[in-house]
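Subject: Structure for your review

Dear colleague,

Please find below the sequence and structure that I am handing over to you. My findings follow, arranged by topic.

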Amino acid sequence: MISLTLHEIHPATILPQSLMGFNVYLSNGEGERPVKFLSSEKMVDETDYDQLRENANLKVFIDATSLAEYREYLVAHSSKWLTDERLPSRLRTALLLECLVAKWQSAFSSSSTDTTIDVAKEISERLVLSIEFLDVRIPDVIQALDMGIDLARHSLRTAIYCGLLGNSMGYDGTVLNELCMGGLLHDIGKQSNGESFKSAGPENDRSMRAHPLFGFRRLCNSRNVTTTVLMMCYQHHENLDGSGFPVRLIGDEIHFGAKICAIVNRFDHLTSSENPRMAYTCGSAGRIMEQDRSNRFDQEIMKTWLKLLKSHLKNS
Ligand SMILES: [Fe+2]
Ligand SMILES: [Fe+2]
C-alpha cells in the first residue's frame with residue numbers, strides 16, 4: 001500500500017465545472033481515513049459540489065506533492081470567486097486568504113528581499129480593499145487561516161488584524177496599507193535567521209530575540225519600505241515598560257505601528273494552533289489580554305482592540 005502525505009485544503013476552493021488537475025481525498029470526520037474523492041482528470045460535477053457543500057464535517061485533502069498545482073489552481077480561479085456576489089462575504093474572505101497564503105508562501109521563502117517586499121505591497125493593498133469591501137471579520141480570519149502552523153499564515157493574520165485595528169483607530173489609505181504591509185513583514189527576520197516557516201521557539205531563545213534586528217537589516221535599504229513598516233518589524237517585541245527586545249525601548253520611544261503589531265501579534269500567538277498549549281478561543285484570548293496587568297502594551301490601543309473583538313464576537 002502506498003502511504004501519502006496529505007495536506008488539508010478549504011472545501012470551498014473546489015468549484016463546480018472545474019478541472020482540479022490533482023487527486024482530492026475526503027474524510028468524514030475526526031480520525032477517519034481519507035478516501036479518494038476526485039481523480040486528477042475528472043471535472044467537478046454538480047453532484048460532487050453538492051456533496052461538499054452539504055456536509056459541514058467533511059475534511060478535504062490533497063496529496064502534499066500536489067501543493068504547487070493547487071496553488072496555481074487557486075490563483076487561476078481567484079478573480080472568479082472574489083467577484084461572485086452570490087457567494088457569502090464570509091466564504092469570499094476565506095477564499096481570498098487561501099489565495100494570498102499561496103502567494104505569500106512562495107514570496108516569503110524567496111531569497112530576494114525585493115521580491116518579498118513587492119508581493120507584501122501588493123497583498124497589503126488587496127487586504128485593505130478586502131477589509132473595506134468584504135466585511136472581513138476576526139473569527140472568520142482565524143478559522144480560514146488556522147489550518148497549518150506556518151509563519152506565512154501567522155504573518156497574514158497579523159497583517160489583517162493590523163489593518164482591522166488601524167481601521168478602528170481611524171486610519172485609512174496609505175497608513176492602512178503600511179500597517180498591513182508591516183504585519184506581513186514583521187517576522188521576516190525569522191527567515192534570515194534560518195527559521196523559515198517553523199513555529200517560533202521560546203522567547204528567551206537567543207535566535208528568537210535576534211529576529212527583529214535581522215528583519216531590520218533585510219528591510220532597511222529598500223526604498224519601498226516606509227518608516228512605519230520598518231519600525232513594526234524592528235520594534236514589535238518592545239514593551240512599553242522597557243522589558244522587551246532588542247533594545248528595551250520605553251513608552252513613546254516605540255513607534256505606534258509597532259505598538260499595534262505587538263498587541264495583535266500577542267493575540268495571534270494566543271489563538272493560533274501554532275502552540276497547542278494555547279489555541280484559545282477569541283473570547284478567552286480577549287479576556288487574558290484584558291486581565292494583563294503587566295503594562296507591556298499601549299492601553300489606549302488595547303482598549304480599541306478589545307472593543308473591536310467584543311463587537312465581532314457579539315455578531316458571531
Ligand atoms: Fe516576532
Ligand atoms: Fe510574529
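Helices here are DSSP runs of H or I with at least four residues, numbered from the N terminus. The model is a predicted one.

Arg248 has a positive phi of about 55°, although it is not a glycine. The loop between α10 (227-235) and α11 also holds Pro246. Phe245 and Pro246 are joined by a cis peptide bond, with omega at about 15°. As background, most peptide bonds are trans, and most residues other than glycine have a negative phi.

Helix α6 and its two partners

Helix α6 (residues 151-168) packs against helix α11 (residues 256-271), the axes coming within 9 Å and crossing at roughly 130°. An angle of that kind makes α6 oblique to α11. The crossing of these two helices, α6 and α11, is right-handed. On the α6 side the contact involves His154, Arg157, Thr158, Tyr161, Cys162 and Leu165, and on the α11 side Ile260, Cys261, Val264, Asn265, Phe267, Asp268 and His269. Sorted by class, the contact of α6 with α11 comprises seven nonpolar, four polar and two charged residues.

A further contact of α6 is with helix α13 (residues 299-314), where the axes come within 10 Å and cross at roughly 105°. The two helices, α6 and α13, are therefore roughly perpendicular. Tyr161, Leu164, Leu165 and Ser168 of α6 meet Ile301, Thr304, Trp305 and Leu308 of α13. This contact of α6 with α13 has six nonpolar and two polar residues, and no charged ones.

Helices α3 and α4

Helix α3 (residues 89-108) and helix α4 (residues 113-133) have axes 9 Å apart and pack at an angle of about 165°. Because angles over 145 degrees count as roughly antiparallel, α3 and α4 are assigned to that class. Their crossing, that of α3 and α4, is left-handed. From α3, the contact draws on Leu96, Leu100, Lys103, Trp104, Ala107 and Phe108, while α4 contributes Thr116, Val119, Ala120, Glu122, Ile123, Arg126, Leu127 and Ser130. Nine residues of the contact of α3 with α4 are nonpolar, two are polar and three are charged.

How many cavities of 30 Å³ or more does a search of the whole structure find? The search finds one. The largest cavity contains about 40 Å³ of space. Its lining consists of Glu238, Leu240, Ile254, Ala258, Lys259, Ala262, Arg296, Phe297 and Asp298. Five of the lining residues of the largest cavity are nonpolar and four are charged, with no polar residue among them.

Yours sincerely

Technical notes
Residues numbered from 1 in each chain as written. Chains lettered and ligands numbered in written order. Predicted model: local features only at pLDDT ≥ 70, side-chain atom pairs only at ≥ 80, totals over all residues. Heavy atoms only, no water. 1 Å grid on protein atoms, 1.4 Å probe; cavity = no way out; pocket = protein on both sides within 12 Å on 5 of 7 lines; lining within 4 Å. Points joined across faces, edges and corners; volume = space filled by probe spheres on them. Nonpolar A, V, L, I, M, F, W, Y, C, P; charged D, E, K, R; others polar. Axes fitted to C-alpha atoms, helices over the stretch in contact; angles between N-to-C directions. Parallel < 35°, antiparallel > 145°, perpendicular 65-115°, else oblique. Left-handed = near helix turned anticlockwise from the far one by under 90°. Contact = heavy atoms within 4.5 Å.
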